[in-house]
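Dear colleague,

I am handing over the structure we spoke about, and I would be grateful if you could look through it alongside the notes that follow.

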Amino acid sequence: VNKPNVMATGRFWNAIVDEIRGEYLDVPFRGHVIVDNMAFQLMVNPTQYNGVVLFENQQGDILTDQGGGALGSLGLMPSAILNPETGKGIYEPSHGSAPDIAGQGIANPYSMIGSVALMLEHSFGLVEEPCAVWDALTDVFGEGYRTRDLTRFSSERVPQDMILLTEQFGNRVRDKILAI
């Protein structure tokens with residue numbers, strides 16, 4: 001995803017992607033997408049991107065926030081930047097550090113916990129451990145618990161005792177993992 005019709009960096013990006021994808025013929029490639037169209041497609045049919053999308057940094061920063069809007073929260077998007085040759089990566093929530101809500105206990109920790117699950121799988125080569133993390137996250141939501149960000153646009157009223165602060169949510173996930 002880039003802007004080659006206006007920015008020289010977009011054309012450079014396309015050339016680099018085309019060169020590198022020749023080394024990874026086993027990875028499906030659907031083609032280059034102009035960032036404007038990607039923004040539109042994320043709104044009209046986001047499920048078509050159930051996989052990996054490669055962005056330039058600027059477009060990635062903007063469109064991951066748009067994706068969070070489609071989901072109803074920036075807190076639901078773990079991410080990884082992987083080096084396929086070394087297996088090493090950088091893992092973080094797509095929303096970054098969220099300094100505007102730091103210390104308030106209202107951040108949704110799903111993205112950070114999910115990023116740890118990605119690290120366990122991709123950098124450490126573990127199988128059971130990341131599955132346990134994903135299962136624990138799913139179980140907490142399955143029991144009806146939510147963080148405040150997930151109640152803003154909900155059509156159903158979430159009882160106050162089911163709305164968890166950051167630490168409470170993390171503790172529930174931890175307890176489920178330890179119970180395995």
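With 42% relative accessibility, Asp175 counts as partly exposed, a word used here for values between buried (under 20% relative accessible area) and exposed (over 50%), computed with a 1.4 Å probe on protein chains only. Please keep in mind that this is a predicted model, in which local features need pLDDT of at least 70 and side-chain atom pairs count only at pLDDT 80 or more, while totals for chains, interfaces and linings use all residues. Residues are numbered from 1 along each chain as its sequence is written, and side-chain values use heavy atoms, with hydrogens and water left out.

**Salt bridges**

Side chains of opposite charge can pair when their charged atoms come close. The structure holds four salt bridges, a salt bridge being a side-chain nitrogen of Lys or Arg within 4 Å of a carboxyl oxygen of Asp or Glu. One of them joins Asp175 to Arg174, with the closest N and O atoms 2.9 Å apart, and Arg174 is likewise partly exposed, with a relative accessible area of 42%.

Another links Asp36 and Lys3, whose side chains meet at 2.7 Å, N to O. Because Asp36 lies in helix α2 and Lys3 in the segment before α1 (8-21), this pair ties together parts that are 33 residues apart in sequence. Helices here are DSSP runs of H or I with at least four residues, strands are runs of E with at least two, and both are numbered from the N terminus. Asp36 is partly exposed at 44% relative accessible area, whereas Lys3 is buried at 14%.

Glu143 and Lys176 also form a salt bridge, their closest N and O atoms being 2.6 Å apart. Glu143 lies in the loop between α5 (128-142) and β3 (146-147) and Lys176 in helix α6 (residues 166-178), so that this pair, too, ties together parts 33 residues apart in sequence. Glu143 is partly exposed, with a relative accessible area of 40%, and Lys176 is partly exposed at 24%.

**Helix packing**

The axes of α5 and α6 come within 9 Å and cross at roughly 125°; axes are lines fitted to C-alpha atoms, for helices over the stretch in contact, and angles run from 0 to 180 degrees between N-to-C directions. That makes α5 oblique to α6, since angles under 35 degrees count as roughly parallel, over 145 as roughly antiparallel, 65 to 115 as roughly perpendicular and the rest as oblique.

Among the residues in contact are Met38 and Leu42 of α2 and Leu63 of α3, and the contact divides into seven nonpolar, two polar and no charged residues.

Key
Contact means heavy atoms within 4.5 Å. Ala, Val, Leu, Ile, Met, Phe, Trp, Tyr, Cys and Pro count as nonpolar, Asp, Glu, Lys and Arg as charged, and the others, Gly among them, as polar.
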